Amino acid sequence: MALLNVIQIMAGDEEGGLENHFIEMSNALTARCNVTTIAHAKYAPRLRADVKHISIDLSKPRLHPGNLIKVATVIRQLNPHIVHAHASKAGSIVALCKPFLSAKTVATVHNIKKHIPFLSAYDLAIGVSKTVRDTLPCPNKISIYNGVNWDAKRVAVTPPEYEQVAESQNPVVAAIGRLVPAKGFDLLIAAWESKFGYLFVVGDGPERGSLEALVAARGLAENVFLIGHKHSALDYIGAADLVVIPSRNEGFSYVFAEALLEKTPVISTDVPIPNEVLPEQYICAIENVEAIHLLLKTALSSVNRLEQSFAPLFDYAEKNLTLGRSRDQTLAAYEALIE
């Protein structure tokens, strides 16, 4: 089959899992597609040289007439086989342009949304987890996990913060993400006991001050450390004895996929995708401090046994949670649409 001409489009100008997926998938698709991206100019330096980038600031309201005209004009000029919108804002923009387009349209929904009527205009909707897919109000829908751009040959480095507590031989537990209410780090700190070992929270955000106050109020300053954002978050995952995901909600947890690929056991609240992959004994109720406490206590009672029991899950991750796997499934979906 000849190379597909594909447009990837994203609105907004933020940073997070959505934006990383958009960039990494756009780069990965160049192996078998001619890829054009429409997004804010700030993302251009992170795209491969063979990705054609068209900078349009779509951070304005989605019904802004200038945006609609620009997007529709660019798409019509490029005349692609596929237009793939990421998240609800870009999804709404492309849906409004669709009557003027000949291309097949695909929308990826990255989290559970209540109001996404624009999806009825699309030829295909993709949920980043089975849970998200099942909420989508359209007949043609599939799930494709957001794969991790993971290098099996990566040389891991033990973080200096871990080295400082190594002599104690107590478990080292990592929790990674933006310090926002959705991630549930307040619940994790409330559930933590000093006897569990050391908890390292990797990330930054608006909740940092309140979380630090909670650590102090519970007398955990020698056991719980908020160490801020780290570019080498994988090192903190790979060198930990356990990763904890205490989230209140998730669309797709990159930390979960990264933990399994780094062969680190992981426990989680009942959010996607942990609740689609993990056995029940490694999942607990959302927003329940007692449940998180009990899950931590059980998991940390025998760290060595925990790692052995996760071996099949580590294998699963290598086969199903990589960027290459996500790219191949996306390409198959494109090809099915234009057959």
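Trainee: How many bridges join β1 to strand β2?
Mentor: Keep in mind that we are looking at a predicted model. Strand β2 covers residues 33-39, and β1 and β2 run parallel. The number of bridges that join β1 to β2 is six.

Trainee: Which strands stand at the edges of the sheet that holds these two?
Mentor: Seven strands form this open sheet, with parallel pairing, in the order β3-β2-β1-β4-β5-β6-β7. A strand with a single partner has one side left without a neighbour in the sheet, so look for the strands where that happens. They are β3 (52-55) and β7 (141-143).

Trainee: What does the twist average from one strand to the next?
Mentor: Stay with the open sheet of seven strands, where the pairing is parallel. From one strand to the next, the twist averages 20°.

Trainee: What angle does the direction of α3 make with that of β4?
Mentor: Helix α3 packs on this sheet, where it touches β1, β4 and β5. Its direction and that of β4 make an angle of about 140°.

Trainee: Why is α3 described as largely enclosed by the rest of the structure?
Mentor: The helix spans residues 87-97, and its buried residues include A87, I93 and C97. Those buried residues pack against β1 (4-10), α1 (17-29), α2 (65-78), β4 (82-86) and β5 (104-109). Helix α3 is called largely enclosed because the buried ones number nine of its eleven residues.

Trainee: Is T108 buried or exposed?
Mentor: T108 lies in strand β5. Leaving aside neighbours within four places in sequence, T108 is in contact with H84, A85, H86, A87, I126 and V128. Buried means under 20% relative accessible area. With a value of 4%, T108 is therefore buried.

Trainee: How far apart in space are I56 and H40, C-alpha to C-alpha?
Mentor: I56 is found in the loop between β3 and α2, and its relative accessible area of 6% makes it buried. Beyond its neighbours within four places in sequence, the contacts of I56 are I38, A39, H40, K70, V71 and V74. I56 and H40 are 16 residues apart in sequence, while their C-alpha to C-alpha distance is 5.4 Å.

Trainee: Which residue in β13 does T269 stand opposite?
Mentor: Strand β12 covers residues 266-269 and pairs with β13 in the parallel sense over two bridges. In β13, the residue opposite T269 is C284.

Trainee: How many aromatic pairs does the structure hold, and what is the pair of W192 and F196 like?
Mentor: The structure holds ten aromatic pairs. W192 and F196 are 5.4 Å apart centre to centre, with 80° between the planes. Both are buried. Planes over 60 degrees apart count as edge-to-face, and the pair of W192 and F196 is edge-to-face.

Trainee: What kind of pair do F310 and F314 form?
Mentor: F310 is buried at a relative accessible area of 0%, and F314 counts as buried at 5%. Their ring centres lie 6.0 Å apart, with 35° between the planes. The pair is tilted.

Trainee: What radius of gyration does the chain have?
Mentor: The chain comes to 14 helices and 13 strands, and 52% of its residues count as buried. A compact globule of 339 residues would have a radius of gyration near 20 Å, and the chain agrees with that, having 21 Å.

Terms used
Residues are numbered from 1 along each chain as its sequence is written. This is a predicted model: local features need pLDDT of at least 70, side-chain atom pairs count only at pLDDT 80 or more; totals for chains, interfaces and linings use all residues. Side-chain values use heavy atoms; hydrogens and water are left out. Two strands pair if DSSP finds at least two bridges between them. Helices (H or I, at least four residues) and strands (E, at least two) are DSSP runs, numbered from the N terminus. Rings of Phe, Tyr and Trp (its six-membered ring) pair if their centres lie within 6.5 Å; planes under 30 degrees apart count as stacked, over 60 as edge-to-face and the rest as tilted. Buried means under 20% relative accessible area, exposed over 50%, partly exposed in between (1.4 Å probe, protein chains only). The radius of gyration is taken over C-alpha atoms; the globule rule is 2.2 Å times the number of residues to the power 0.38. Contact means heavy atoms within 4.5 Å. Axes are lines fitted to C-alpha atoms, for helices over the stretch in contact, and angles run from 0 to 180 degrees between N-to-C directions.
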